[in-house]
Amino acid sequence: MPTDTLPNPEKNPAQSAGELIRLDQVTKRFGQNTVLDHLDFTVDAGKHVTLIGPSGSGKTTILRLLMTLLKPDEGTITVDGQKLFPASDKEVREVRKKIGMVFQQFNLFPNMTVLRNITEAPVTVLGLSKDEAVERAKGLLDMVGLAEKCDAHPAQLSGGQQQRVAIARALAMRPQVLLLDEVTSALDPELVAGVLDVLRDIARSTDITMLCVTHEMNFARDISDQVLMFDSGRIIESGPPEKIFSEPEHERTREFLGAVL
Ligand SMILES: Nc1ncnc2c1ncn2[C@@H]1O[C@H](COP(=O)(O)OP(=O)(O)OP(=O)(O)O)[C@@H](O)[C@H]1O
């Protein structure tokens, strides 16, 4: 893998150690529905944390709060020392630059080539020259195994290839944190492994912090430093994957893993 195109400690000095994400007593309601209930957790820089739990337990809501797509009703969220709410527009923009997200539906720009999908934000948001952005994008496309697809449009790619472009696009911003929201759920089964292999490679060979919602338990076991088990908007159990998957303490965790493994 061409590591010069990826985040590393020299290029992200703030990420060398310590706490990067903190949620303190975060509550989110949709009407009468309390989706997150006084939630506390922290993620240290460089760690890979996976959120598991039944459908509707609030996992995606956490990623959307971190992306500032939603606002908490109570509590505070801090990323790299900056509170997200309240924060000025400028502060939010600065924090957003540190966070990349890959969605279930790839959300590529359909009218742009693969290369342009990846270079657009580094040029317009980070102010890179076109040449710098193209060099970075080509390195990333090489890393996700799509070097020959620069000039293709998203519709000409398989879902798995589109998702690998979306991963490259997120990394092109050199984020400190990568949020992954069920990134293989919309894929045909035969395309899942290719995307997960790319993510395993990124987890292994970069220092990027990952927060991952997935139903792929083998993948979670492989990449996670910590697994958080959610139920009804609370973390009911957390720990290293070998503990959560092999010796879960909570009955709900055992039930959930029994259903998905
Ligand atoms: N914009 C919204 N308006 C109203 N309710 C919402 C909204 N977004 C999420 N919810 C509700 O919040 C709850 C938690 O949703 P969330 O997507 O965070 O769960 P999840 O654990 O990620 O589930 P899944 O694994 O199915 O994606 C669900 O009951 C969902 O219906």
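Student: How many bridges join E3 to strand E8, and do they run parallel or antiparallel?
Tutor: Four bridges join E3 to E8 (residues 209-213), and the two run parallel. Strands here are DSSP runs of type E with at least two residues, helices are H or I runs of at least four, and both are numbered from the N terminus. Two strands pair if DSSP finds at least two bridges between them. Keep in mind that this is a predicted model: local features need pLDDT of at least 70, side-chain atom pairs count only at pLDDT 80 or more, and totals for chains, interfaces and linings use all residues. Residues are numbered from 1 along each chain as its sequence is written.

Student: Which residue is the bridge partner of Val49 in E8?
Tutor: Leu211 is the E8 partner of Val49. E3 also pairs with strand E9 (residues 226-231), in the parallel sense over four bridges. There, Val49 stands opposite Gln226.

Student: How many residues of E3 are buried?
Tutor: Five of the five residues of E3 (residues 48-52) are buried, so the strand is largely enclosed by the rest of the structure. Buried means 20 or more other C-beta atoms within 10 Å of the residue's own, exposed means 12 or fewer, partly exposed is in between, and the C-beta atoms are placed from the backbone. His48, Thr50 and Ile52 are on one side of E3, with Val49 and Leu51 on the other.
Tutor: In general, side chains in a regular strand alternate between the two faces of the sheet.

Student: Switching to helices: what's the end-to-end distance in H6?
Tutor: The end C-alpha atoms of H6 (residues 189-205) are 26 Å apart, which agrees with the 24 Å that its 17 residues should span at 1.5 Å a residue. That expected span is 1.5 Å times one less than the number of residues.

Student: Which residues of H6 are buried?
Tutor: Val195, Leu196, Val198, Leu199 and Ile202 are buried. Seen down the axis, the buried residues of H6 fall within an arc of 155 degrees, so they line one face of the helix. The arc is that of the directions from the helix axis to the C-beta atoms. On the other side of H6, Pro189, Glu190 and Arg204 are exposed.

Student: And what covers the buried residues of H6?
Tutor: The cover includes helix H5 (159-171), strand E7 (177-181) and helix H7 (217-223). Contact means C-beta atoms, placed from the backbone, within 7 Å.

Student: OK, now the open sheet. What's the strand order?
Tutor: The order is E2-E1-E4-E5, with antiparallel pairing. Strands E2 (33-44) and E5 (82-83) stand at the edges with a single partner strand each, so one side of each is left without a neighbour in the sheet. E1 (residues 19-30) pairs with E2 over eight bridges, and Arg29 stands opposite Thr34 in E2.

Student: Is Thr34 buried or partly exposed?
Tutor: Thr34 is partly exposed, with 16 other C-beta atoms within 10 Å. Leaving aside neighbours within four places in sequence, Thr34 is in contact with Thr27, Arg29 and Gly233.

Student: Last one, the whole chain. How many helices and strands are there?
Tutor: The chain has nine helices and 10 strands. Its radius of gyration is 18 Å, close to the 18 Å that the globule rule gives for 261 residues, so the chain is as compact as a globular protein of that length. The radius is taken over C-alpha atoms, and the rule is 2.2 Å times the number of residues to the power 0.38.

Notes: Two residues are in contact if their C-beta atoms, placed from the backbone, lie within 7 Å.
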